[in-house]
Amino acid sequence: MPLIIVTGLPTSGKSTRAQQLHDYLSIRVAETKHRLHLISDDSLSISRTVYDLAALPAHTRSANASEKDARASAYAAVKRVLSDRDIVILDGLNYIKGWRYQLHCEAKAVRTPSCVLQIGCAPDRARQVNQERLDRRATAGEGSDSTPGPYEQGNWDNLVFRYEEPNPMTRWDSPLFTLIWEDDEAQAERTFAALWEAIAGDGRKVVKPNQSTEPRGRDAGGDYLYVLDRETQFVVRRILEQQGEEVGGEVRIPLNDAAQEDLVVTLPTLKKLALPGLQRHRRAFMGLNRGGIGLEAVGNMAADRLRALFVRAGMMAS
């Protein structure tokens, strides 16, 4: 099930909207097999001071270790529960587009959709909320109520300056849903319903991992370099397995096409073939034949031809 990334300016109402979304989805998944998780800085005990660069020297601000550790904790928490049966709401600043891309890739790796819920709020309004929390903390003392803690003013200004707006034209920020400060409960419920339909409804898109990350089978298919590497490895392994204790003799290399005769490798009579020498020959053959990308044949024809070429090249070299 999907990963929902909540993003917005600091003190823009993200935690409130995330809790509303959690309450809405709790009703939708009540009679299903799916599980619901809400992960936030508060649930992970991440302090707002980890984002503060004011206390760091200028030359170390780009490598804020405390913020990186906080993101690592959030990433581990998401990865631990994300699956095709779990809906994960990640409530936080999530203000870096590279961080949102990393989360998108993690969701794609487990074949589950992801989306972004942006909480829109005017900077002046968010600044006012933060100032009210600062004043309340100064009056009542640290940790005197259950409301989220404020950001120091310099830290708040810095986070607003660094905030990278989500872009629905990019795949890691789409689908993008937006709620603004003034939206009432009815509008929020309509947005949540549209979000549910997009990521968990009947019309949701099927998520497919990137081809480069897909595990390959043992069939004869695959791209040219993969087939080239696999077939040369097969010949080397066959020679090492079948050569006897005595020097000389022959090794038969079978082909995928049973109608064709096996390839025959004549072993040298003066010494046994060792793995280092065979691997050197294999690497040289692969280096000379990398230019065949895009010119490969189909199915077993490519595998058998490469296998025969490698055997013939080895016999000529010997």
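**How the strands and helices are assigned**

Strand β1 (residues 3-8) and strand β3 (residues 86-91) run parallel and are joined by 4 bridges. This is a predicted model, in which local features need pLDDT of at least 70 and side-chain atom pairs count only at pLDDT 80 or more, while totals for chains, interfaces and linings use all residues. Residues are numbered from 1 along each chain as its sequence is written, and side-chain values use heavy atoms, with hydrogens and water left out.

Reader: What makes β1 and β3 a pair?
Author: Two strands pair if DSSP finds at least two bridges between them, and β1 and β3 are joined by 4 bridges, so they count as a pair. I4, for instance, has I89 in β3 as its bridge partner.

Reader: Why are β2 and β5 called edge strands?
Author: In the open sheet the order is β2-β3-β1-β4-β5, with parallel pairing, and β2 (35-40) and β5 (176-180) each pair on one side only.

Reader: How do you know which strands helix α2 packs on?
Author: Contact means heavy atoms within 4.5 Å, and helix α2 (residues 65-81) touches β1, β2 and β3 of the sheet. The direction of α2 makes about 165 degrees with that of β3, where angles run from 0 to 180 degrees between N-to-C directions and axes are lines fitted to C-alpha atoms, for helices over the stretch in contact.

Reader: What share of the chain counts as buried, and what does the word mean?
Author: Buried means under 20% relative accessible area, judged with a 1.4 Å probe and protein chains only, and 38% of the 318 residues count as buried.

How values were computed
Buried means under 20% relative accessible area, exposed over 50%, partly exposed in between (1.4 Å probe, protein chains only). Helices (H or I, at least four residues) and strands (E, at least two) are DSSP runs, numbered from the N terminus.
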